[in-house]
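The sequence and the model are shown first.

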Amino acid sequence: MDIGISNQDRTVVAEGLSRVLADTYTLYLKTHNFHWNVTGPMFRSLHLMFEEQYTELSTAVDLIAERIRSLDHFAPGSYADFARLTSIEEARGVPAAEEMIAQLVAGHEAVCRTARSLFEAVERCGDEATADLLTQRLQLHEKTAWMLRSLLVR
């Protein structure tokens, strides 16, 4: 394979993207779980918001996995792989709505940190396609974290 990025650099980027994928999938699963199980006075608005968010995350995992494959690496795809690679903790039980929101804020912020950690390697090897993907993901996760955080302000 000769796309202008060395095998070693493609491996480093694919490994970083695998962590982004694991974080994104874990956040998808957590968001979907909260969509199903949210209760309380904000039920309808949170139920709909969480649905919008997990739908977007579902699309994102596909884009990230396909970028990994474009770099000629296999994307992780098992719960065991994701559990090993993610920086996001699973939800324990069914938290109250406000705690769900706080956990999702933390999850979106975690994806931002994971994505940002990859930029140095991406820039060093001139991988503009991955940089573009990461930039788009950062914009979305930062905005979503802000919107969720605004629900927690009293």
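## Domain and helical content

According to the unreviewed UniProt entry, the annotation "domain: Ferritin/DPS" covers residues 15-153. The model discussed here is predicted. Over residues 15-153 the chain is 77% helix and 0% strand, with the end C-alpha atoms 37 Å apart.

## Nonpolar cores

The largest nonpolar core comprises 24 residues, and those with the most contacts inside it are Val13, Leu17, Leu21, Ile64, Ile68, Val122 and Leu134. At least two residues of this core are supplied by each of helix H1 (7-37), helix H2 (43-70), helix H3 (79-85), helix H4 (97-116), helix H5 (119-124) and helix H6 (128-150). H1 provides the largest share, six residues.

Leaving aside neighbours within four places in sequence, Leu21 is in contact with Val61, Ile64, Ala65, Ile68, Ala75, Pro76 and Phe82. Another core, of 17 residues, lies apart from the largest one; among its members are Leu46, Ala97, Ile101 and Ala110.

## Helix H6

Helix H6 has 23 residues and reaches 33 Å from its first C-alpha to its last, close to the 33 Å expected at 1.5 Å a residue.

## Aromatic pairs

The count of aromatic pairs comes to four. In the pair of Tyr25 and Tyr28, the ring centres are 5.6 Å apart and the planes are at 50°, so the pair is tilted. These two residues are three apart in helix H1, and therefore Tyr25 and Tyr28 are separated by about one helical turn. The rings of Tyr25 and Phe82, in contrast, have centres 4.7 Å apart and planes at 25°, so this pair is stacked. The pair links distant parts of the chain, Tyr25 being in helix H1 and Phe82 in helix H3, 57 residues apart. Ring pairs join Tyr25, Tyr28, Tyr54, Tyr79 and Phe82 into a cluster.

## Accessibility of selected residues

| Residue | Relative accessible area | Class |
|---|---|---|
| Tyr25 | 22% | partly exposed |
| Tyr28 | 16% | buried |
| Phe82 | 7% | buried |
| Cys112 | 8% | buried |
| Cys125 | 11% | buried |

A search of the whole structure finds zero disulfides. Cys112 counts as buried because its relative accessibility, 8%, falls under the 20% limit.

How values were computed:
Residues numbered from 1 in each chain as written. Predicted model: local features only at pLDDT ≥ 70, side-chain atom pairs only at ≥ 80, totals over all residues. Heavy atoms only, no water. Disulfide = S-S within 2.5 Å. Buried < 20%, exposed > 50% of the residue type's maximum accessible area, 1.4 Å probe, protein only. UniProt positions renumbered as here; feature names shortened; annotations may be inferred. Helix = DSSP H or I, 4+ residues; strand = E, 2+ residues; numbered from the N terminus. Core = buried A, V, L, I, M, F, W, Y, C linked by side-chain atoms within 4.5 Å. Contact = heavy atoms within 4.5 Å. Expected span 1.5 Å × (residues − 1). Phe/Tyr/Trp six-rings, centres within 6.5 Å; stacked < 30°, edge-to-face > 60°.
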